[in-house]
Amino acid sequence: MNDSRSEILQGTLDLMVLKALEALGPLHGYGIARRIEQISRDALRVNQGTIYASLVRLLQRGWISAAWGTSENNRKAKFYSITRAGKKHLAAETENWERIAGAIGRMLSLEERS
Amino acid sequence: MFDGLRIAVSRVRGLVRRNHEDREFQQELETHLALLTEENIRRGMAPEEARRAARLRLGGTEQLHEANRQLRGLASVEEFFRDVTTAWRMLRKTPGFTWAAILTLALGIGANVAIFSIVDAVLLRPLPARNPGQLVVLAYEQRGGKLESYFSYPNMRDIRGQTKVVFSGMATYRTSFDGLGANGHAQRVLSAYVSGNFFSLLGLWPALGRLIEPSEGGVYSAHPEIVLSYAFWKSQFGGDRGVVGRSVSLNGHPVTVVGVGPRGFHGVFPFVETQVYLPMSMMMVENWMSRSLLQDRNGGPFQIWARLRRGVSVAQAQAALNVVAARLASEHPKSDAKFSLAAIPETLARPIPMQPNPVPAVAALFMALGAMVLVLACVNVANLLLVRAVSRGRELAIRAALGCSRGRLVRQLLTESLLLAFLGGAGGVLLGMWICGEIGSVSFSPGLPLLLDFPFDWRVFLFAFGAALFTGILVGILPALRASRVAPGAILHEAGRSVTSGRQRLRSVLVVAQVAGSLMLLVVAALFARSLERVQHLHLGFDSAHVLNASMDPSEIGYSDAQARVFYKEMLERARALPGVRSAAIAYTIPMRTYTPEMDFIDVEGYTTPPGQPKPLVNFNSVSPGYFRTMRIPLVRGRTFTAADNRNAQYVAIVNEAMAKKFWPDEDPIGQRLRLIHSAGQWREVVGVVSDSRMLTPFGKIAPFFFIPFAQNFASYATLQLRTLGPAASAIPEARNLIRSLAPGLPVFDVGTMREAISGSGYLIFRFGAVLAAALGLLGLVLALVGVYGVTSYAASQRTREIGIRMALGARPAQILKITFGQGAILVGTGLVIGLAGALGAARLAASFLIVSPTDPLTFIAVPIVLAAVALAACYLPARRAMRIEPTQALRFE
């Protein structure tokens with residue numbers, strides 16, 4: 001994994017984790033990684049372990065919470081779920097993201113034309 | 001600063017929680033790997049390959065662990081600040097509780113800060129010199145006697161010459177009182193005569209002009225120069241920079257001011273301001289010391305300060321000194337037999353080297369008493385916190401039910417108690433500063449330029465910080481652990497009523513601890529107070545009531561001995577004629593004045609010193625006719641002094657009974673002869689025996705002591721003693737007027753009653769100890785009472801419902817009283833028993849500073865009774881309230 005890519009990823013990955021938890025309810029780390037890969041159609045193929053840094057960050061900010069539970073193959077697993085504050089943050093960030101993404105998209109298409 | 005805190009906190013947390021969280025994370029990663037492997041197998045990989053692919057997909061576990069740890073560390077800092085703000089909010093919600101807790105802790109911490117800052121000043125804070133850790137004071141022991149620190153100059157020179165390997169320098173120091181005349185009036189100053197290298201040895205620089213230089217001080221009267229201390233220059237010369245080069249007079253001799261010492265340097269003795277410094281050789285000019293002072297090996301007035309060479313330890317220096325001591329003893333068997341030398345670190349040689357040094361023990365005793373008060377304060381606050389935890393039980397239960405981990409709850413509660421402790425600590429520092437200011441303003445001994453300021457340095461603040469941290473954890477940990485152990489279900493269902501029994505037990509332990517602790521404090525305080533009282537009412541052998549003292553030294557305004565003799569004669573005659581004066585006398589020194597003792601080795605005719613022992617060293621006093629009448633010391637045999645006992649007559653002496661018994665046990669002392677070795681060395685005839693009186697210490701065995709006529713051992717320094725008809729203090733203006741009319745401008749010092757004089761110096765340690773211990777004891781008592789009252793009344797209110805039921809079932813008020821009061825009484829009784837055991841131990845530690853026995857029956861009976869009475873009263877009030885409860889009301893309670 002090279003550095004420039006990971007830097008871009010940090011913010012977006014957090015956002016994707018939140019989105020996945022909002023959409024699918026409580027998930028363990030593997031589940032989250034799997035969903036993100038599926039939804040992004042493997043476009044963001046990175047080490048799945050990166051997800052855990054993102055989870056710790058989100059926990060610290062109080063946007064998600066964690067509880068131990070049992071996975072589908074009967075293993076002890078930590079299940080993460082989005083908190084109310086997390087939902088609020090996701091909504092705000094989604095709007096923000098769309099605005100920036102739109103702006104960047106327009107910018108890039110402008111460059112292509114000239 | 002902030003980053004530092006962040007790192008520190010996360011590291012501490014990392015150490016504590018690391019393993020646990022690492023294991024959790026490991027578990028998480030393992031599950032992840034297993035799930036990934038299964039997925040790979042489902043996709044058709046072979047199991048071995050599937051596992052390998054899964055590992056690759058997840059990434060290096062070690063890196064993941066590391067990244068996880070880093071993030072966690074930072075997280076705890078954020079949580080910490082969140083905890084602090086939450087704690088602050090919670091404390092502000094209950095201002096009554098918060099103030100009570102902060103005040104209690106401030107009292108506890110303040111008392112400790114004050115004690116510590118005194119200990120700091122006495123024992124820990126180094127001299128404001130360059131590398132003060134290298135400074136040592138030399139002392140010697142001769143013929144197995146006690147440790148002495150005044151050396152002769154030849155000895156100092158020999159020691160210096162032979163220890164150059166371990167000491168980079170050696171300087172001499174000697175303090176004295178002198179009269180300094182400047183700006184048209186004379187005043188008494190505490191002066192130091194120093195060798196030329198003294199200031200350079202200490203590494204000090206002048207604030208103005210120059211200091212005494214290494215080349216000075218070796219030749220009699222060669223350098224009539226004086227250096228002022230910074231504080232003295234500021235107060236007496238208004239900080240005038242033109243003072244350098246001015247001529248002032250010292251004891252009537254002109255000396256030139258050459259400079260001002262560095263700011264903050266008060267001399268090498270603690271608690272006094274050494275006001276002026278002169279070259280060592282001026283001592284012979286100013287203090288009638290023999291001109292052979294620098295050659296005489298016998299006895300000597302010099303304290304020796306030395307600086308260890310870099311990297312040389314005190315033990316190495318000591319080894320070198322042992323060799324030198326052995327050599328000196330063999331070279332000078334007459335004066336230096338059985339001679340041993342010691343190097344003592346400067347901080348342990350305050351005010352003078354002593355063996356054993358009692359200062360650390362006293363310091364430890366008071367630190368222990370202070371710690372006791374702090375523990376009592378902590379117990380009180382812990383109690384408050386326990387009660388608070390009960391009333392917050394619901395809140396905590398809800399938080400636990402919502403998934404807040406136990407550790408998290410404990411941390412939140414601990415943060416609250418730490419916040420309380422640090423607020424209390426801040427208050428304690430302010431309080432401690434105030435107490436130290438008060439102590440500094442108390443005048444203990446009017447004769448010395450006392451310097452009782454205890455500036456707060458980093459050690460004191462560090463101590464206060466440590467005390468607050470300790471306090472916060474101590475008061476918080478038990479309540480926090482208890483509160484967090486609560487099963488949420490139980491509390492939410494039962495409204496917190498039936499889960500209090502465990503806490504009740506803990507609170508009972510706290511009450512017992514409080515009663516025991518305050519009993520210990522009070523017993524020690526009472527022992528000091530009893531010692532002080534005993535001292536003051538001790539039979540001293542003289543009558544201290546109605547005696548006024550005033551000291552002076554006419555040589556300070558340049559009087560010759562002949563002039564001074566005339567002056568004293570006239571003063572005595574006129575004093576006796578004063579209307580309110582019964583009798584008057586002049587004496588060189590007064591009882592218990594430790595800084596002007598007169599003592600000498602003596603020869604007694606017909607008495608042979610046992611082989612190997614020094615000649616007897618006996619204290620004496622030079623007194624005028626009328627002395628024994630004025631002091632009311634009864635004459636047992638013979639006669640007292642008369643005006644005829646002058647320097648042209650037969651030299652005479654009067655001995656006390658102890659001396660008569662020691663030297664002439666079976667003979668009539670009258671007519672026997674004795675001789676002082678150093679001063680006024682003629683044979684004297686004993687003409688009288690007086691009864692024993694306490695001249696040196698207020699306690700212990702009375703030692704041999706004798707008196708000689710003032711006229712036959714004249715010194716310019718003397719004290720006028722008046723026995724008055726009315727209160728002694730009322731004669732002060734008359735005495736001052738009398739002296740002023742005879743010698744205008746003569747400084748008069750140590751003016752005060754004999755009562756003040758003996759309590760000021762001889763009893764200083766008892767007074768100081770008694771005041772300090774009493775203050776601590778009272779504080780402890782108040783804290784214990786508040787604690788006992790709080791706990792019993794809370795216990796009673798917890799049982800309100802039970803009491804209501806009992807009364808509804810027909811229990812009489814007296815029975816209810818018995819139940820509630822009985823419970824408190826048992827706790828108080830247990831506390832008293834434990835406290836008595838502790839108090840016996842504490843008293844044994846303090847025994848060497850007490851005059852009364854450490855098992856003084858009065859103290860050990862009266863103090864527990866008083867404490868029991870007040871503690872039981874504190875139990876009784878809530879019990880009586882419980883007794884008056886209306887059953888119907890009680891059942892509806894809660």
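Visitor: Is B:Ala139 buried or exposed?

Guide: Start with the rule. C-beta atoms are placed from the backbone, and a residue is buried if 20 or more others lie within 10 Å of its own, exposed if 12 or fewer, and partly exposed in between. B:Ala139 has 24 other C-beta atoms within 10 Å, so it is buried. B:Ala139 sits in strand E1 (residues 135–142) of chain B. Helices (H or I, at least four residues) and strands (E, at least two) are DSSP runs, numbered from the N terminus.

Visitor: What are the ground rules for the model and its labels?

Guide: This is a predicted model, in which local features need pLDDT of at least 70, side-chain atom pairs count only at pLDDT 80 or more, and totals for chains, interfaces and linings use all residues. Residues are numbered from 1 along each chain as its sequence is written, while chains are lettered from A and ligands numbered from 1 in the order in which they are written.

Visitor: Which residues is B:Ala139 in contact with, leaving aside its neighbours within four places in sequence?

Guide: A contact means that two C-beta atoms, placed from the backbone, lie within 7 Å. On that rule B:Ala139 touches B:Leu147, B:Glu148, B:Ser149, B:Ala342, B:Ile344 and B:Pro353. B:Trp305 is 166 residues away along the chain, with 9.8 Å between its C-alpha atom and that of B:Ala139.

Visitor: Now helix packing. How do H2(A) and H3(A) pack?

Guide: Two packed helices are described by the angle between their axes and the distance between the axes. The axes are lines fitted to C-alpha atoms, for helices over the stretch in contact, and angles run from 0 to 180 degrees between N-to-C directions. Helix H2 (residues 29–39) and helix H3 (residues 50–60) of chain A pack at about 110°, with axes 10 Å apart. Angles under 35 degrees count as roughly parallel, over 145 as roughly antiparallel, 65 to 115 as roughly perpendicular and the rest as oblique. H2(A) and H3(A) are therefore roughly perpendicular.

Visitor: Which residues make the contact?

Guide: H2(A) brings A:Gly29, A:Ile32 and A:Ala33, and H3(A) brings A:Ile51, A:Tyr52 and A:Leu55. For classes, Ala, Val, Leu, Ile, Met, Phe, Trp, Tyr, Cys and Pro count as nonpolar, Asp, Glu, Lys and Arg as charged, and the others, Gly among them, as polar. The H2(A)–H3(A) contact has 5 nonpolar, 1 polar and no charged residues.

Visitor: What is the case for H4(B) and H11(B)?

Guide: Helix H4 (residues 95–124) and helix H11 (residues 359–391) of chain B have axes that come within 9 Å and cross at roughly 170°. That makes H4(B) roughly antiparallel to H11(B). Their contact divides into 23 nonpolar, 5 polar and 1 charged.

Visitor: On to sheets. What is the strand order in chain A?

Guide: Two strands pair if DSSP finds at least two bridges between them. Chain A has an open sheet of 3 strands, ordered E1-E3-E2, with antiparallel pairing. Its edge strands are E1 (27–28) and E2 (64–70), each pairing on one side only. E2(A) and strand E3 (residues 76–82) share 7 antiparallel bridges. One bridge sets A:Ala66 against A:Tyr80 in E3(A).

Visitor: In which sense does E14(B) pair with E13(B), and with E19(B)?

Guide: Strand E13 (residues 598–604) of chain B pairs with E14(B) in the antiparallel sense over 4 bridges. Strand E19 (residues 705–709) of chain B pairs with E14(B) in the parallel sense over 5 bridges. B:Asp600 stands opposite B:Val618 in E14(B), and B:Asn621 has B:Phe707 in E19(B) as its bridge partner. E14(B) itself (residues 617–623) is mostly covered, with 5 of its 7 residues buried.

Visitor: And backbone angles? What is phi at B:His546?

Guide: Phi is positive there, about 60°, although B:His546 is not a glycine. The residue lies in the loop between helix H16 (501–536) and strand E11 (547–552) of chain B. B:His546 counts as buried, with 21 C-beta neighbours inside 10 Å. B:Arg632, also not a glycine, has a positive phi near 55°. B:Arg632 counts as partly exposed, with 16 C-beta neighbours inside 10 Å.
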